[in-house]
Amino acid sequence: MKNLRSLLFLLPFMVILFSCEEDVDDMMDDNDSENDDDNSVNIVAMTVENSGAAAYFVSGISGNEEVSPLNEDNSTWQLTVGTRYQLTVSGASSHPLALRDSEDNILLSMNDIEGSFETDVDVDFKSDATSFDFTLTEELADELNNYVCTVHARMTGSVTIN
């Protein structure tokens, strides 16, 4: 009888102990997957300005990629598949940015021209009066060739993929 009382006394503590251990394991697993997701998306922010109606140039980059030389007119951009790019486009109302393929078909665009990748959920394209955000997917990278101002055709540069 004494052993039974001891067992009954310890039973609630054992239940709590084992249930807490599972919760801690679940929390650790959840945190690991959350950290993996947070670390899996590389984000690069760029400031894109213009030299009148003649050229775009990148005046600032934050992140771990050197997408373009700074302050070089119509420079070639080197983009990486899987990276999320956040572009702030100065003077975008007069110089709306677009990304095109090698046949000059619009893939993504700041203005009313709808690009073929704008509804792709993996690209997650977002644009407003001054910003142009997208994730470079493998499919988009396969098509991407250049960037351009949709108003001034001289404002264009090549895009290469890493």
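Predicted model: local features only at pLDDT ≥ 70, side-chain atom pairs only at ≥ 80, totals over all residues.

User: What makes up the chain, in helices and strands, and in which order do the elements run?

Analyst: The chain has 2 helices and 10 strands, and from the N terminus on the order is α-β-β-β-β-β-β-β-β-α-β-β.

User: Why is the pair of F125 and F132 called edge-to-face?

Analyst: The search of the whole structure finds 5 aromatic pairs. For F125 and F132, the rings are 5.1 Å apart, centre to centre, and because centres within 6.5 Å count as a pair, the two rings qualify. Their planes are at 75°, and an angle over 60 degrees counts as edge-to-face, so the pair takes that name.

User: Why is F125 called buried, and why is F132 called buried?

Analyst: The relative accessible area of F125 is 13%, while that of F132 is 0%. Buried means under 20%, so the term applies to F125 and likewise to F132.

User: Which residues do ring pairs link into a cluster?

Analyst: The cluster consists of Y85, F125, F132 and F134, linked by ring pairs.

User: What share of the residues in the chain is buried, and what share of the accessible surface belongs to carbon and sulfur atoms?

Analyst: Of the 162 residues in the chain, 33% are buried. The accessible surface comes to about 9,700 Å², and carbon and sulfur atoms account for 51% of that area.

How values were computed:
Residues numbered from 1 in each chain as written. Heavy atoms only, no water. Helix = DSSP H or I, 4+ residues; strand = E, 2+ residues; numbered from the N terminus. Buried < 20%, exposed > 50% of the residue type's maximum accessible area, 1.4 Å probe, protein only. Areas by Shrake-Rupley, 256 points an atom, 1.4 Å probe, with all protein chains shown as cover. Phe/Tyr/Trp six-rings, centres within 6.5 Å; stacked < 30°, edge-to-face > 60°.
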